[in-house]
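Keep the viewer open as you read.

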Amino acid sequence: MSVLVAFASRYGATRQIAQQIGAVLSVAGHDVRVRPAAAAGDVRDHDAVVLGSSVYRGHWMEQATAFAEQHRATLVDRPVWLFSSGMLADSPPPTDAPTDLDRYAEMLGARDRAAFGGALVVRRLDLLDQVLRLAPSRRRVLRSGDLRDWVDIDHWAHQIAAELSASTLA
Ligand SMILES: Cc1cc2nc3c(=O)[nH]c(=O)nc-3n(C[C@H](O)[C@H](O)[C@H](O)COP(=O)(O)O)c2cc1C
């Protein structure tokens, strides 16, 4: 099956998660393209889509939300999986409001969604992000770290691969 793994990533942590998911799907025999959401090409060329975004100040990046909105009609017609990456993935959300991950999963009828830990290197952030990570509106100051659980990510990707293979056989 032809699978698009589209991602929105500012500093590369989410891109690497997307690449790992793509690698698992490739090894499972699928024809995989891993592309930035803003340059993903024609979504209709693919049988299935995985879309992921990092979370900044509680929200998905604009490239990911624009991708979901713009390709909504095509995406609802295909099997779709969504994931987020963020340093607060282990904390409960500050309000009962649905996260963008939940919102877009509902909107697109996603098969599954996953919130993965992210990664952050403070000295690599641009000046604005250096300040924003300290802003009082954040529940905690974000520090450098890598919370990505590659076993968890691989496991999720293997589940996608299994579902895709099952639907190919069906
Ligand atoms: C200014 C700033 C705001 C952030 N806000 C959030 C947030 O609201 N929730 C969260 O889980 N992670 C937050 N993060 C952490 C990033 O989502 C995390 O580092 C992510 O893995 C970055 O991925 P990227 O390099 O692909 O953009 C924030 C990071 C920065 C620098």
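At least two residues of the shell around the ligand come from each of helix 1 (13-27), strand 3 (48-56), strand 5, strand 7 (119-120) and helix 5 (127-132). Helices (H or I, at least four residues) and strands (E, at least two) are DSSP runs, numbered from the N terminus. The model is predicted: local features need pLDDT of at least 70, side-chain atom pairs count only at pLDDT 80 or more, and totals for chains, interfaces and linings use all residues. Residues are numbered from 1 along each chain as its sequence is written.

Of the 25 residues around the ligand, Ser 9, Thr 14, Ser 54, Gly 86 and Gly 118 come nearest; a residue is near if its C-beta atom, placed from the backbone, lies within 6 Å.

Now to strand 5. With 7 of its 7 residues buried, strand 5 is largely enclosed by the rest of the structure. Buried means that 20 or more other C-beta atoms lie within 10 Å of a residue's own, with C-beta atoms placed from the backbone. In a regular strand, side chains alternate between the two faces of the sheet. Here are the buried residues on each side of strand 5:

| Side of strand 5 | Buried residues |
|---|---|
| One side | Val 80, Leu 82, Ser 84, Gly 86 |
| The other | Trp 81, Phe 83, Ser 85 |

Strand 5 runs parallel to strand 3, joined by 6 bridges, and pairs with strand 6 in the parallel sense over 6 bridges; strands pair if DSSP finds at least two bridges between them. Trp 81 is the bridge partner of Val 50, while Gly 86 stands opposite Gly 117 in strand 6.

Key:
Buried ≥ 20, exposed ≤ 12 C-beta atoms within 10 Å, placed from the backbone.
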